[in-house]
Amino acid sequence: MKRIAKFHKVSPEQFREGWKDTFGEVPEEEIQNIYEALRLPSRATAGSAGYDFFSPADFELEPGKTLKIPTGIRVEMEENWVLKCYPRSGLGFKYRLQLNNTVGIIDSDYFYSDNEGHIFAKLTNDSREGKTLKLEKGTGFMQGIFVEYGITVDDDASAVRNGGFGSTTAASV
């Protein structure tokens, strides 16, 4: 098995910025307590492909509602690898929980972005049975799978990323 990546927490300052951007004014002590309790993603069993991301706080997501979660996590990985993020299978099955971008793609150079490569998850409860999702702090809600990729023989990309969502589009135009 190849060992190609390592998860880290973003800095306390970056987490605070992401949390306040999402949830507005929150007491500093509360944000600090959430940050200190963050769990790095991990696999549940030796045969698991996915690294579970854990909820940093208690959340309730009613049918048809959307929630953006600042995970406080970043990932350092070798070049030519990508982390693909999906909802946990059981939550997708029970609640039709979906990532709003369908699959989150975390490129290897995202780690070096201005936002420290802070991974966010935007979730929608698309339940058609009226089920409200209750995510307790520490519950796995998303899974990330590392995948190696190749490039075309005539690829000449040389731009450097500096940003989050959509930041590589301008570089490739």
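**View 1. How much of the chain is buried.** Of the chain's 173 residues, 38% count as buried; that word means under 20% relative accessible area, while exposed means over 50%, with partly exposed in between (1.4 Å probe, protein chains only). What you see is a predicted model, where local features need pLDDT of at least 70, side-chain atom pairs count only at pLDDT 80 or more, and totals for chains, interfaces and linings use all residues. Residues are numbered from 1 along each chain as its sequence is written, and side-chain values use heavy atoms, leaving out hydrogens and water.

**View 2. Helix α1, end to end.** This helix takes in residues 12-23, twelve of them, and reaches 16 Å from its first C-alpha to its last, close to the 16 Å expected. That expected span is 1.5 Å times one less than the number of residues. Helices here are DSSP runs (H or I, at least four residues) and strands are too (E, at least two), numbered from the N terminus.

View 3. Gln 14, Phe 15, Gly 18 and Trp 19 are the buried ones in α1. Looking down the axis of α1, its buried residues fall within an arc of 130°, so they line one face of the helix; the arc is that of the directions from the helix axis to the C-beta atoms. Turned away from that buried side, you'll find the exposed residues Glu 13, Glu 17 and Asp 21.

**View 4. What α1 packs against.** The buried residues of α1 pack against α2 (28-36), β3 (59-61), β4 (66-70) and β9 (120-125). Contact here means heavy atoms within 4.5 Å.
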